[in-house]
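My notes follow in the order of the look-ups.

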Amino acid sequence: MQAELGNIWNSEESPSLERKEVSVIDFAGQDAQKSIKPSGLDKLCIEGGHALEGEIPISGAKNAALKIMCASLLTDEPLTLTNMPVTLNDIKTLAHLLKHIGVSVMARHDKTAVLHAHTIKEPVAPYDLVRKMRGSILVLGPLLARHGFAEVSLPGGCAIGARPVDFHIKGLEAMGAQILIEDGYIKAKATGGLKGAVYTFPKVSHTGTENLMMAATLAKGTTVLKNAAREPEVVNLADCLRRMGAQITGDGTDTITIEGVSSLNGATHAIMPDRIETGTWMIASALTGGRLRLLNTNLDYLTALISPLEKAGLTIETEGSDIVVYRTGDCLKGTDIMTDPYPGFPTDLQAQFLTMLTLCKGAGMVTETIFENRFMHVPELCRMGANITIQGNSAIVRGVEKLKGAEVMATDLRASASLVLAALVAEGTTTINRIYHLDRGYEDIVGKLGNCGAKIQRV
Ligand code: UD1
């Protein structure tokens, strides 16, 4: 059993991974970070103009899996996770960090991972890993709750904005933690354990809600999180924590109540389908004019996307857990969107939707309210022939007849996805550089799109 479990994250063999990448994955050794570096030089070449037709299996949600992996730190028993996007680089980076902390991490070809934090050896998240993946901040709450001590590097800003973590810190302080910011690290201790508290988020924070919810599971007494994030990933994490024995109510609303318990147990839990991947391929179908069946996903998580896509001219049908999408008319129509915390329009689909607007009849406006610098894809789309004007936190997109292939560069994960979408429909060939961003969040993009008729290759 043990040997079988180690296949994806520990051995040389993995049919679902490209050979070059597999050969350097080695969580047993020092090489996890190398598994990310080689693809940094890779490019994607996409010949546009081919309608996507076929089926795409939707992976487990990265943004749920990362948080739930951190929940393994809350118990000394094994946590088994199914539907895990085990080949994503963000997942591998977190697996490496957890291993550094003392967790045994194993993944199987059937997308199952087992994480066992029998003992916490090193409650430290070093800069080198945190700077690669901001989600690493999510070890802070669980480590503090179980171990009473944690040192986590401050994540710093990133391509889409400043991204502070002050709510995480203030919330943990409200729960009795003593926190010092020193040498670029958050140094936190909770002698005698965390205590239940009432904390109101000044602004809705997805990751902040998850960090404090995990910390509160082992605190003494009751914690109430107000103005909490309502994202489905928060609910998926709460479901997992409940399976582990946590007492949580109100997840999915803006007030979450957690009754602390003295210990948590191991469990088996399924990662929810990736709503952002689902939305990305729905937009791909609108753009290319093909018909796609997206397998094993859930439209309930994407209510804010349905109406703007239908207004633009996409037909959306559900068949069990599949979503079928195809374009209704010959051309798409421009429409406006504004990002907002869930259940509003997801900031993680803004770049992809904006790309669709570049080819719509008329104009559409995109307003970004979550991050201050999330239009980095716009200059690249303009190089492909798009007509976009940025005014403050809004982009006015005037539809053009066609986009033209060009050499472009991706700056962050969702911006990269938006360039892939543009390339799928542009005239000629587009070369997308720096595709390591895509490897962080989209599994097997070449295989999935290639199977649906896209002319796409990694070079
Ligand atoms: C955000 C998105 C999430 C998405 C993720 C990845 C929202 C509400 N959150 O989550 O859906 O999956 O990006 O792209 O749409 N903030 C602070 N202090 C903090 C924490 C946050 O000021 O301690 C601010 C942020 O700068 C931002 C806002 O609050 O303006 C929301 O941030 P947050 O939800 O925490 O970001 P992520 O968890 O990364």
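How far is an oxygen atom of the ligand from an N or O atom in the side chain of Lys203? I am working on a predicted model, and in it I read 3.0 Å for that pair.

For Thr207 I found a polar side-chain atom 2.2 Å from an oxygen atom of the ligand. Pro164 takes part through its backbone: an N or O atom there lies 3.3 Å from a ligand oxygen. I then looked up the areas: the ligand taken alone exposes 720 Å², and the protein buries 88% of that.

**Shell.** I listed 19 residues around the ligand, with Arg163, Asp166, Ser205, Thr207 and Asp348 as the closest. By class, I have 7 nonpolar, 6 polar and 6 charged residues in this shell. Helix 8 (166-174) and helix 9 (206-217) are the elements that give two or more residues to the shell. Helix 8 gives the most, with 3 residues.

Last, I checked how strand 12 meets strand 13 (residues 255-259): the two pair in the antiparallel sense over 3 bridges. In my notes on this pairing, Gln247 stands opposite Glu259 of strand 13.

How values were computed
Residues numbered from 1 in each chain as written. Predicted model: local features only at pLDDT ≥ 70, side-chain atom pairs only at ≥ 80, totals over all residues. Heavy atoms only, no water. Near = heavy atom within 4 Å. Polar contact = N/O pair within 3.5 Å; in protein donor to acceptor, adjacent residues only side chain to side chain. Areas by Shrake-Rupley, 256 points an atom, 1.4 Å probe, with all protein chains shown as cover. Helix = DSSP H or I, 4+ residues; strand = E, 2+ residues; numbered from the N terminus. Nonpolar A, V, L, I, M, F, W, Y, C, P; charged D, E, K, R; others polar. Pairing = 2+ DSSP bridges.
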